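Dear colleague,

Please find below the structure that I am handing over to you, followed by an account of what was found in it.

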Amino acid sequence: GTAFQPLFKMSYSCSKVGDPHPGQPYKGGNFCAFLPDNNEGLNIAKLLRKAFDRGLTFQIKSCNGEERVTWGIIPHKTSMDGGKARNGYPDAQYLQEVSTVL
């Protein structure tokens with residue numbers, strides 16, 4: 001089936017209170033995810049937007065001495081294939097799982 005792809009672009013910035021090292025710079029990045037292009041996928045996209053606006057989509061982690069943005073606890077499909085094991089489709093339970101988290 002068809003899919004649409006939300007793109008998140010996180011810039012370099014300074015971390016805030018609650019992050020691993022508040023006030024320290026962190027590395028951003030481009031993050032892509034895929035959702036089915038149907039009513040259920042569009043509803044999930046709206047919920048993901050709310051989560052993003054509330055700062056729940058990403059987290060800052062320390063990796064090899066560098067602070068960087070990574071996906072948070074909300075599961076995202078980052079590949080069109082490869083199945084659940086590779087964060088891709090097919091995954092019959094994904095929309096139910098992500099709606100439960102959201």
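Residues 24 or more positions apart account for 51% of those contacts in the chain that have a separation of 6 or more, a contact being heavy atoms within 4.5 Å. This is a predicted model, in which local features need pLDDT of at least 70 and side-chain atom pairs count only at pLDDT 80 or more, while totals for chains, interfaces and linings use all residues. Residues are numbered from 1 along each chain as its sequence is written, and side-chain values use heavy atoms, with hydrogens and water left out.

The secondary structure comes to 2 helices and 8 strands, where helices (H or I, at least four residues) and strands (E, at least two) are DSSP runs numbered from the N terminus. Along the sequence, the pattern reads β-β-β-β-β-β-α-β-β-α. Of the 102 residues of the chain, 30% count as buried; buried means under 20% relative accessible area, exposed over 50%, and partly exposed in between (1.4 Å probe, protein chains only).

The largest nonpolar core has 10 residues: Phe34, Leu35, Ile44, Leu48, Ala51, Ile74, Tyr89, Tyr94, Leu95 and Val98. Helix H1 (39-53) and helix H2 (94-101) each supply at least two residues of this core. A second, separate core of 5 residues includes Tyr26, Phe31, Phe58 and Val69. A nonpolar core is here a set of buried Ala, Val, Leu, Ile, Met, Phe, Trp, Tyr and Cys residues joined through side-chain atoms within 4.5 Å.

Turning to the two helices, H1 and H2 pack at an angle of about 30 degrees, with their axes 10 Å apart. Axes are lines fitted to C-alpha atoms, for helices over the stretch in contact, and angles run from 0 to 180 degrees between N-to-C directions. H1 and H2 are therefore roughly parallel to each other (angles under 35 degrees count as roughly parallel, over 145 as roughly antiparallel, 65 to 115 as roughly perpendicular and the rest as oblique). In this contact, Glu40, Ile44 and Leu48 of H1 meet Leu95, Val98 and Ser99 of H2. The residues involved divide into 4 nonpolar, 1 polar and 1 charged; Ala, Val, Leu, Ile, Met, Phe, Trp, Tyr, Cys and Pro count as nonpolar, Asp, Glu, Lys and Arg as charged, and the others, Gly among them, as polar.

Tyrosine 89 and proline 90 are joined by a cis peptide bond, with omega about 0 degrees. Asparagine 87 has a phi near 55 degrees, a positive value in a residue other than glycine. Most residues other than glycine have a negative phi, and most peptide bonds are trans. With a relative accessible area of 41%, asparagine 87 is partly exposed.

Lysine 27 is in the loop between strand S4 (25-26) and strand S5 (29-32) and is partly exposed, at 28% relative accessible area. The C-alpha atoms of lysine 27 and glutamate 66 are separated by 7.7 Å, although these residues are 39 apart along the chain. Lysine 61 lies in strand S7 (residues 58-63) and counts as partly exposed at 43% relative accessibility. Lysine 61 and lysine 27 are 34 residues apart in sequence and 9.9 Å apart in space, C-alpha to C-alpha.

With kind regards
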